[in-house]
Amino acid sequence: MVKKPKLPGTEWVPDTGDFIKISPDLCSGCGDCVVVCFGDCIKIRGGKAIVVAYETCCECGACWFICSENAIEFSWPKGGTGIKIEYG
Amino acid sequence: MAEQEYDVIVVGASFGGCVAGKVLAEKGLKTLIVERASVPGEKIVSGTGLPPTVFLELPWLMEAPFERPITGLVTHFLKRGQVQTTVEVKCPMPIAFGIYCRPFISWLAEQAVKAGAKLMTSTVATDVIKERGFVKGIVTDRGEELRCPVLIAADGMWSLIGIKAGIRKKVAAEDIMNGIWLDFIMPSKEDLDQALGGDNLMMFWDPAGEMLPPHGIVGYFGVFPCEKSFHFGIGTVISHLAEKRINYDDLYSRFFQIDYWKKHFGKAKLRSRMWRPYPIYASLDREQKGNDRTFGNGIMVIGDAAGFEATSSGAGIHTAMISAKMAAEVAADALAEGDPSAAFLKRYEERWKSSTIAREISDYSRKDISRHAGNEEQMKRSILEVYAMPLMTLSL
């Protein structure tokens, strides 16, 4: 089933799996990943970053690139799922 | 040969991966291209402006679906939120071609399949198989082991396969840019022609840093045209985004208040909002940063995965496709010799290092622009030297 997400010109296929994992042990709660995520996919809860949504994730990996604590493990959504971009 | 075994596996059916697959298949090699999307190209975002230099290496690309030839560059300089100065440069031949990634890559994938490559979509390569120091294939997200003596990693700037193979490192946040790309559509091609003043790529520079806080590398708001639609956006270095807490919605809201934009692009309708980082500075000081390796035992890395982005123009599609051809040819030679070792595959590095790729990824001129931050007149001169003057000499 393909969903229409909040990003115009895109579609989103669910059942991606948990492809961005943030380690609470390594996370310092600095919030850099929150700032660089254009999809608002990450929030700080209880002083730690957590992924709150995948529907607006463009799978850019900016969160992974910026994390200075190596707390973020970035991989890909399950094959055929996640964002589909028509006008890239 | 069992269906789980191939001569070459290419990870990623994007610009580089599809070219590699076509070249390999044409050489009679059993070739598999593995792609995580369900349709090649549907997860790719780019500017774009494809330089015609690619036709010298890959003349068959002239049949690809291009949207618009770009024969000029319009450079606007902003001051106090308005266009202050404009410089226009025209060329007698295209300097680039506007494309959309999804149809272009889908066409490329079709060419690879027509040549005899097998395309496996909706499949993620989650790991490499390593035996006695050699990469011997991949593991998929379905747990399959797909084997090959030579692997070509074309999986983009994250280079996850190269990292798993132990020959690449994650690009530093200060060496990679990101920015929101917007796609707009005009009512007609003629409306866009009028807004652009022709087949022009348009840049809006902010030399005083009034709109976007200056960072180490100055950027421009770009209009990359297609037939009756265009991409708009500006990138900034990811570490700078974090440090300055830049809000792109605010930034673009301010930009769209510019009188020039309202007057010429008032008919534009937003069609898409997306983003994709690009390793624009992944190659600067590459050897000092220890991320210069593009081959190993049984593996070669091409395109963005190898950091092959032209540092001045930001173009990476042509270098991806040219490096793909080189890697495919070296792979074929290695297999003919029965030697997929790093000692043999080093020929791939020797080839790209003696090609235009090496020159383009070591062009420091964009940093020259930033050196003049704070001195508007000098920065304007530098911008014109880097971008407009080379095009002016083309027209002479």
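Which residues in helix 1 of chain B are buried? In this predicted model, the buried residues of that helix are F15(B), G16(B), G17(B), C18(B), V19(B), A20(B), G21(B), K22(B), V23(B), L24(B) and A25(B). The helix is thus mostly covered, with eleven of its twelve residues buried. Among the elements that cover these buried residues are strand 1 (8-11), strand 2 (31-34), helix 3 (101-115), strand 11 (150-153) and helix 10 (317-337), which belong to chain B.

Helix 1 itself comprises residues 15-26 of chain B, and the distance from its first C-alpha to its last is 17 Å. This value is close to the 16 Å expected at 1.5 Å a residue. Just after the helix, G28(B) adopts a positive phi of about 85 degrees.

Chain B also contains an open sheet of seven strands, in the order 5-4-14-15-16-13-18 and with mixed pairing. Strand 5 (82-90) and strand 18 of chain B form the edges, each pairing on one side only. On average, neighbouring strands of this sheet are turned by 20 degrees against each other, direction ignored. Within chain B, strand 15 (residues 220-225) and strand 16 (residues 229-233) run antiparallel and are joined by four bridges. V223(B) has F232(B), in strand 16 of chain B, as its bridge partner. Helix 5 (residues 189-196) of chain B packs on the sheet, where it touches strand 4 (72-79), strand 14 (200-205), strand 15 and strand 16 of chain B. The direction of helix 5 makes about 145 degrees with that of strand 15 of chain B.

The next topic is the interface with chain A. Here 38 residues of chain B are in contact with 26 residues of chain A. On the side of chain B that touches chain A, helix 3, strand 13 (180-185), helix 6 (238-244) and strand 18 (269-275) each supply at least two residues.

Chain A has two helices and six strands, which follow the order β-β-α-β-β-α-β-β from the N terminus on. The radius of gyration of chain A is 13 Å, close to the 12 Å that the globule rule gives for 88 residues, so chain A is as compact as a globular protein of that length. Its C-alpha trace spans about 35 × 20 × 20 Å along the principal axes. Of the 88 residues in chain A, 43% are buried. Among contacts in chain A with a separation of 6 or more, 59% involve residues 24 or more positions apart.

Notes:
Residues are numbered from 1 along each chain as its sequence is written. Chains are lettered from A and ligands numbered from 1 in the order in which they are written. This is a predicted model: local features need pLDDT of at least 70, side-chain atom pairs count only at pLDDT 80 or more; totals for chains, interfaces and linings use all residues. The expected span of a helix is 1.5 Å times one less than its number of residues. A residue is buried if 20 or more other C-beta atoms lie within 10 Å of its own, exposed if 12 or fewer, and partly exposed in between; C-beta atoms are placed from the backbone. Two residues are in contact if their C-beta atoms, placed from the backbone, lie within 7 Å. Two strands pair if DSSP finds at least two bridges between them. Axes are lines fitted to C-alpha atoms, for helices over the stretch in contact, and angles run from 0 to 180 degrees between N-to-C directions. The radius of gyration is taken over C-alpha atoms; the globule rule is 2.2 Å times the number of residues to the power 0.38.
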